[in-house]
2 protein chains.
Amino acid sequence: MKKYMLFASLSLFSFSGVLIASEIPEGMGVLPTQPAIPADNPMTAQKIELGKKLYFEPAISKSGHFSCNSCHNLATWGVDNQVFSIGHKWQRGGRNAPTVLNSGFWSKQFWDGRAASLEEQAKGPPLNPVEMAADSEGFVVTRLKNAGYEPLFNNVFGKNSVSFDNMAKAIAAFERTLITPNAPFDLFVEGKGDISKAAKRGMKKVSDIGCTSCHAGPLFTNNEFVAFQYGQDLGLKSVTGKDEDDHVFRVQSWRNIAMTAPYFNDGSVKTLSEAVKIMAKIQLDTDLSASDVSDIVAFLDTLTGDAPKVVLPLLPRPTGHALDWQE
Amino acid sequence: MKKYMLFASLSLFSFSGVLIASEIPEGMGVLPTQPAIPADNPMTAQKIELGKKLYFEPAISKSGHFSCNSCHNLATWGVDNQVFSIGHKWQRGGRNAPTVLNSGFWSKQFWDGRAASLEEQAKGPPLNPVEMAADSEGFVVTRLKNAGYEPLFNNVFGKNSVSFDNMAKAIAAFERTLITPNAPFDLFVEGKGDISKAAKRGMKKVSDIGCTSCHAGPLFTNNEFVAFQYGQDLGLKSVTGKDEDDHVFRVQSWRNIAMTAPYFNDGSVKTLSEAVKIMAKIQLDTDLSASDVSDIVAFLDTLTGDAPKVVLPLLPRPTGHALDWQE
């Protein structure tokens with residue numbers, strides 16, 4: 001009897017496996033395996049390794065306390081779960097730290113999308129006075145030299161190549177490796193696994209009500225700017241000064257969204273359920289029922305992939321000499 | 001001809017391998033492979049893995065910003081290279097953070113040796129108001145439960161086992177894995193490598209002038225209390241109140257000392273050369289020449305082993321919910 005049941009359940013599985021494809025709303029799909037690589041910053045194993053060291057390098061910050069990983073912690077899905085991250089002298093920034101995971105897939109970086117590449121983005125936080133607070137690009141370069149980075153840069157970029165730009169290039173190359181495959185949703189699309197009925201209802205619902213017109217495609221973002229009239233943050237207007245950019249933000253991806261609370265640019269929303277409800281109301285003028293919210297959250301839960309496995313790097317340090325941290 | 005030279009150089013090497021043993025001052029030796037394991041805290045793979053997560057877990061701190069790894073950074077030889085570490089609300093502690101590497105070998109923990117075990121030590125920083133600043137043991141336990149640690153503790157310690165004591169046990173178990181074998185000195189002792197002539201002179205000098213009466217044995221510490229009349233810190237007296245404990249500290253190991261600047265309990269000395277000079281003068285009333293200092297530093301440089309390879313853990317987090325960090 002047991003055998004028969006197993007057989008029945010297996011055929012049901014493959015039967016539903018066939019059905020699956022037609023259930024998936026148009027546009028949704030499996031996370032791509034590799035972000036586009038800029039022509040002027042090819043990826044090499046040595047550059048990725050250097051970038052990883054720099055990603056974990058507190059010497060970039062004035063105090064010697066903060067690295068990229070402080071706020072975009074790879075032990076916690078590329079975020080710090082803070083409303084606003086803690087920066088130099090316990091200052092707080094004004095925007096919630098977005099995850100670094102899969103960021104190689106975004107064509108705009110930062111909440112306001114002001115950086116067009118990871119290379120450009122990586123140059124922001126070191127010099128931001130409320131984040132790492134380094135005095136200047138030269139300050140960072142001197143620190144990296146004092147820490148012992150010259151041979152590592154020279155191996156990757158050629159002679160006398162320790163520079164702020166090359167630092168950013170190496171960090172960006174490392175960040176492009178931080179992708180999260182094998183989410184339950186992806187395995188479902190590939191016919192290698194299933195997701196719950198609630199998740200399937202949520203999947204259909206986000207398509208039906210129009211969430212996926214912006215949170216589109218396999219990335220669940222169209223990588224575009226969209227206005228979101230919520231909170232005090234002016235978004236892109238704070239960069240351009242234009243009224244048409246008021247409260248305009250880049251569309252965030254849903255990938256791993258269940259692991260990156262709190263939510264929104266101001267980190268004001270503590271639960272994914274609440275975030276879903278608010279987004280539907282403000283962006284789509286839709287009042288979701290409690291069960292719709294619950295279904296959508298169940299679907300979003302299926303977008304959590306495998307976090308990248310990262311061996312902690314060993315950072316270069318001068319032997320027998322302290323580095324000169326500052327207040 | 002090339003073949004002959006290779007042969008000659010190989011036999012010279014093994015020849016010097018035979019000579020080596022007699023050059024090594026009595027007591028010095030290879031780093032042990034494994035610290036003693038307390039009977040009430042056996043090491044298991046699951047416990048070590050849990051301890052690693054807890055070591056990297058910022059949820060232990062009130063702000064959600066600090067983990068053990070913040071100050072005892074495994075990317076930088078188990079230290080943060082700060083004079084005094086940055087803690088809650090940018091407060092600074094009063095003692096230089098000692099390295100966690102090889103700390104399983106010390107029979108006293110903290111600079112003043114007030115903790116007899118790693119288990120006891122691990123319970124200090126979470127509740128220290130200038131470090132992690134957690135309100136109480138219960139506060140930490142609630143945080144760990146909210147983060148999702150219950151199943152992980154239960155796997156290791158049995159049902160309903162999330163507790164402050166078990167947290168410390170798991171962290172201690174992980175810390176006992178953080179050892180640094182294969183220092184050039186160790187390979188030299190084993191006849192597998194050589195050290196420079198300067199290092200050999202330094203090795204003899206530290207024995208001749210008596211450094212190794214305290215910095216004794218393969219650990220280069222006798223694990224005892226010794227008075228060091230330097231700076232304002234009262235050392236053990238600040239714990240016991242006894243005059244006989246004035247400026248008494250545990251003897252620090254020389255293992256990886258070249259990588260853990262700045263030096264001394266108050267982190268006031270920026271270079272190893274200066275530290276060597278001061279120690280010889282204060283502890284042994286010996287004025288070292290510049291070349292003696294240089295030789296001793298060359299020897300200390302040979303005590304840097306292989307840093308442990310650590311795969312960054314993925315920390316448990318509730319899906320779709322923010323954790324409640326506090327100021």
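Helix α2 of chain A covers residues 45–55, and its buried residues are A:Lys47, A:Leu50, A:Gly51, A:Lys52, A:Lys53, A:Leu54 and A:Tyr55. A residue is buried if 20 or more other C-beta atoms lie within 10 Å of its own, exposed if 12 or fewer, and partly exposed in between, with C-beta atoms placed from the backbone. Two residues are in contact if their C-beta atoms, placed in that way, lie within 7 Å.

This is a predicted model: local features need pLDDT of at least 70 and side-chain atom pairs count only at pLDDT 80 or more, while totals for chains, interfaces and linings use all residues. Residues are numbered from 1 along each chain as its sequence is written, and chains are lettered from A and ligands numbered from 1 in the order in which they are written.

## Chain A as a whole

Chain A contains 13 helices and two strands. These are DSSP runs numbered from the N terminus, helices being H or I with at least four residues and strands E with at least two. The radius of gyration of chain A is 22 Å, close to the 20 Å that the globule rule gives for 327 residues, so chain A is as compact as a globular protein of that length. The radius is taken over C-alpha atoms, and the rule is 2.2 Å times the number of residues to the power 0.38.

Along the principal axes, the C-alpha atoms of chain A fill a box of roughly 70 × 50 × 35 Å. Buried residues make up 47% of the 327 in chain A. When contacts in chain A between residues at least 6 apart in sequence are considered, 69% join residues at least 24 apart.

## Two domains in chain A

Chain A is divided into domain 1 (23–33 + 180–301) and domain 2 (45–175), with bounds from an automatic or database domain assignment. Taken over C-alpha atoms, the centres of these two domains of chain A are separated by 27 Å.

The contact between them takes 24 residues from domain 1 of chain A and 20 residues from domain 2 of chain A. On the domain 1 side, α11 (237–240) and β2 (248–250) of chain A each supply at least two residues. The residues of that side divide into 10 nonpolar, 10 polar and four charged. Here Ala, Val, Leu, Ile, Met, Phe, Trp, Tyr, Cys and Pro count as nonpolar, Asp, Glu, Lys and Arg as charged, and the others, Gly among them, as polar.

## Where the chains meet

The contact between the chains takes 38 residues from chain A and 38 residues from chain B. α12 (272–284) and α13 (290–301) of chain A each supply at least two residues of the side of chain A that touches chain B. That side of chain A consists of 22 nonpolar, 11 polar and five charged residues.

## A helix pair in chain B

Helix α2 (residues 45–55) of chain B packs with helix α7 (residues 150–157) of chain B at an angle of about 145 degrees, and their axes are 9 Å apart. Axes are lines fitted to C-alpha atoms, for helices over the stretch in contact, and angles run from 0 to 180 degrees between N-to-C directions. The crossing of α2(B) past α7(B) is left-handed, that is, the near helix is turned anticlockwise from the far one by less than a right angle.

α2(B) brings B:Gln46, B:Lys47 and B:Leu50 to the contact, and α7(B) brings B:Leu152, B:Phe153, B:Asn155 and B:Val156. Four of the residues in this contact are nonpolar, two are polar and one is charged.

## Two tryptophans in a loop of chain B

B:Trp77 lies in the loop between α3 (68–71) and α4 (118–122) of chain B. B:Trp77 counts as buried because 25 C-beta neighbours lie inside 10 Å. Apart from neighbours within four places in sequence, B:Trp77 is in contact with A:Arg317 and with B:Thr99, B:Leu101, B:Asn256, B:Met259, B:Thr260 and B:Ala307. The C-alpha atoms of B:Trp77 and B:Lys108, which are 31 residues apart along the chain, are separated by 20 Å.

B:Trp90 is also placed in the loop between α3 and α4 of chain B. With 15 other C-beta atoms within 10 Å, B:Trp90 is partly exposed.

## Backbone angles

Most residues other than glycine have a negative phi, and most peptide bonds are trans. Phi is positive at B:Trp77, near 60 degrees, and positive at B:Trp90, near 65 degrees.

A cis peptide bond joins A:Ala261 and A:Pro262, with omega about -5 degrees. A:Pro262 sits in the loop between β2 and α12 of chain A. In chain B, a cis peptide bond joins B:Ala261 and B:Pro262, with omega about -5 degrees, and B:Pro262 is in the loop between β2 (248–250) and α12 (272–284) of chain B.
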